[in-house]
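Look at the sequence and the structure below before reading on. The paragraphs that follow go through some of the packing between helices and strands.

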Amino acid sequence: MVIARQNISVLLVDDDTDMRRSIVSYLEDMNFTVYQASGGRQGIEIFETHHPDLVFTDLMMPGVDGLEVVREITQKSPETPVVVISGNGSVNYAIEAVRLGAWDYITKPILDFSIIDRITGQVLDRAHALKAERAYQESLKNAVLSQDRQLTKISSLDPLTKLPLKKRIREKFSQYILNNAFTGDLFVMLLELDNFKSVNEKFGHECGDQMVIDLAERMRALVKPDCTIGRIGSDQFVVMVANSGDVLKHVSTVRGLFDEPFVVMGQEVYARFTMGIAFFPQDGEGIDSLLHCADIARTSARNMGINQHCFYSHELWEQVQGRIALESGLRKGLERNEFMIYYQPKMDAHCRRMVGMEALIRWKPSGDDRLVSPAAFIPVLETIGLISEVGAWVLKTACKQFVDWRKRGMAPVRLSVNISAIQFHSGNLTEVVKDVLDSTGMEPEMLCLELTESIVVKDIDETITTLNALAELGIKFSIDDFGIGYSSLSYLKDMPINELKIDRSFVMNLPGDAASVAIVESVLGMSQGMKITVVAEGVETEEQADFLTSRGCNELQGYLFSKPLSAEDFFRWCHGKEYCGGHRKQNITCNWDVGKAIKHDRESQSIIA
Ligand code: C2E
Ligand code: MG
Ligand code: MG
């Protein structure tokens, strides 16, 4: 390697004036810029001022000696070569200097000055290589650092929308809080796309992704120094606003993002959302607790309907705690057999004979005298995944009871059992029903499964297959709560439906309310043509019963005849008078061969209390 020597400076430290002169003149002849010092201290000072490229130093010097010069210079500047010039007999001293960091040594007397030339060339080459290596390492380190920074940035951004992820939101939250300009106002809005799953299912994941990207694009317009947005779940977004007390303005801006439809595969789709809002610091002092509170509020907003928002409150928190307690109580209830079945009779509208009964589940938590209504716990059983287990238990227990009553003389009436949507679509309902029929000896044609409209309109093909498989066994089907859902009979024509139950909300306003009258009459009219039995549920008055009967309703169910009763009370109701409530009770026929019941009881030696 050729180095332009005039650009190279050399420091020579030697207390021997003659020797110093000779070496200096030799170095100058070689075109180096030379600094000289007559002692160690001066040498170190010149080094600090001029930063020469190479240092020659004598070892034996009074005061600060050569070893000290080596130590100081190599410590300050490890890439500057220091070569020691050692006197006769002091090789060990020179070796010690090398151990301290000297690059090489020359021994005196210097008989051939060309050694200086050679050593200079060698150490300068090494210094150059070392510097190049250092620069390379440095650039490598910088590249890794910037890569790292890039990666950190990427890993805190959502790959699909490039919106900040939770990690970044957390950092931003800390920045707001620690900023001197922070007024103390901060709130988070947690948004969830309600129909994201259905868009994915209907149009495919790419379209779902596109909708999310488009929404993120709309949301970017909100970004300001005091407003941060992010995506924290596949269908969940966050808007965090600091230094603004005007939450309603922000809520309305965010709602506005959903005013225009999204175009998915050429079709316009309106995104639906629910939003929960939580405030710092009263709802949560950290971003995680704020998001948790916003999520509780969001769940409550979902119960309010579509495109709703809700603010977090302590009452909501209590509701959640109540729900957690209910969940755990239900699990324990299942282990401790705390569930039981009540039965409510269904009457023929004209002759008022009992033509069937509906099995209705009840829960009696231990240590509690109250019976919990299924309306309160069926949805919870559905969300915690226990509904199929409990539903199968209801089916089996009710069928067993029914078979027992049949043996005791009950006429061939119908047993209706409610089936939840999750249970129906669980994929093994047919097997469960077959098992129950086999194990209980239940007559299939007397079993009627009550389904809601929402069950049968979901996955229509799958529904028809299940219904047909069960219908082949002889099972009957009823559409429960008819009128509050889709209220269309068109989807029923391909399904083996035998019965419709008019929802109680229409029956209760009969015959005074014109709208209820119109709905009831239209349901009765439609079903007559389709040979479907119509049952009115929630019949409480004679007036309602008479009106329904006069319009052609086939069966009636309600408190007018009996409330749902425990198995024992139901049996008594069928045979006695004391549970028959209402002035028409004498006219009610329970379709029961009482003599047979007594005979059966005698035979089986079981006394009914
Ligand atoms: P549903 O199947 O429509 O049952 C009728 C509900 O109306 C019952 O409430 C019954 O007690 C009540 N009812 C009957 N007649 C009258 C009346 O004249 N006036 C009034 N005010 N109410 C009357 P319940 O037993 O609380 O059941 C509520 C709902 O819970 C049921 O509605 C059904 O959807 C569900 N459910 C009950 N048992 C089961 C079950 O074993 N499995 C499933 N999946 N759901 C069940
Ligand atoms: Mg029902
Ligand atoms: Mg109903």
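**Helices and sheet**

In this predicted model, helices α13 and α15 cross in the right-handed sense. The residues that make this contact are Ala392, Leu395, Lys396, Cys399, Lys400 and Val403 on the α13 side, and Val432, Val433, Val436, Ser439 and Thr440 on the α15 side. Sorted by type, the contact of α13 with α15 has seven nonpolar residues, two polar ones and two charged ones.

How far apart are the axes of α13 and α15, and at what angle do the helices pack? Helix α13 covers residues 387-407 and helix α15 covers residues 429-440; their axes are 10 Å apart and the angle is about 30°. Angles under 35 degrees count as roughly parallel, so α13 is roughly parallel to α15.

Now turn to the strands. Five of them form an open sheet with parallel pairing, and their order is β2-β1-β3-β4-β5. The edges of the sheet are β2 (33-37) and β5 (104-107), each of which pairs on one side only. From one strand to the next, the twist averages 20°.

Within the sheet, β1 (residues 9-13) pairs with β3 (residues 54-58) in the parallel sense, over four bridges. Val10 is placed opposite Leu54 of β3.

Helices also pack on this sheet. Helix α1 (residues 17-29) lies across β1, β2, β3 and β4 (82-86), and runs at about 165° to β2. Helix α4 (residues 91-100) touches β4 and β5, and its direction makes about 160° with that of β5.

Conventions
Residues are numbered from 1 along each chain as its sequence is written. Chains are lettered from A and ligands numbered from 1 in the order in which they are written. This is a predicted model: local features need pLDDT of at least 70, side-chain atom pairs count only at pLDDT 80 or more; totals for chains, interfaces and linings use all residues. Side-chain values use heavy atoms; hydrogens and water are left out. Axes are lines fitted to C-alpha atoms, for helices over the stretch in contact, and angles run from 0 to 180 degrees between N-to-C directions. Helices (H or I, at least four residues) and strands (E, at least two) are DSSP runs, numbered from the N terminus. Angles under 35 degrees count as roughly parallel, over 145 as roughly antiparallel, 65 to 115 as roughly perpendicular and the rest as oblique. A crossing is left-handed if the near helix is turned anticlockwise from the far one by less than a right angle, and right-handed if clockwise. Contact means heavy atoms within 4.5 Å. Ala, Val, Leu, Ile, Met, Phe, Trp, Tyr, Cys and Pro count as nonpolar, Asp, Glu, Lys and Arg as charged, and the others, Gly among them, as polar. Two strands pair if DSSP finds at least two bridges between them.
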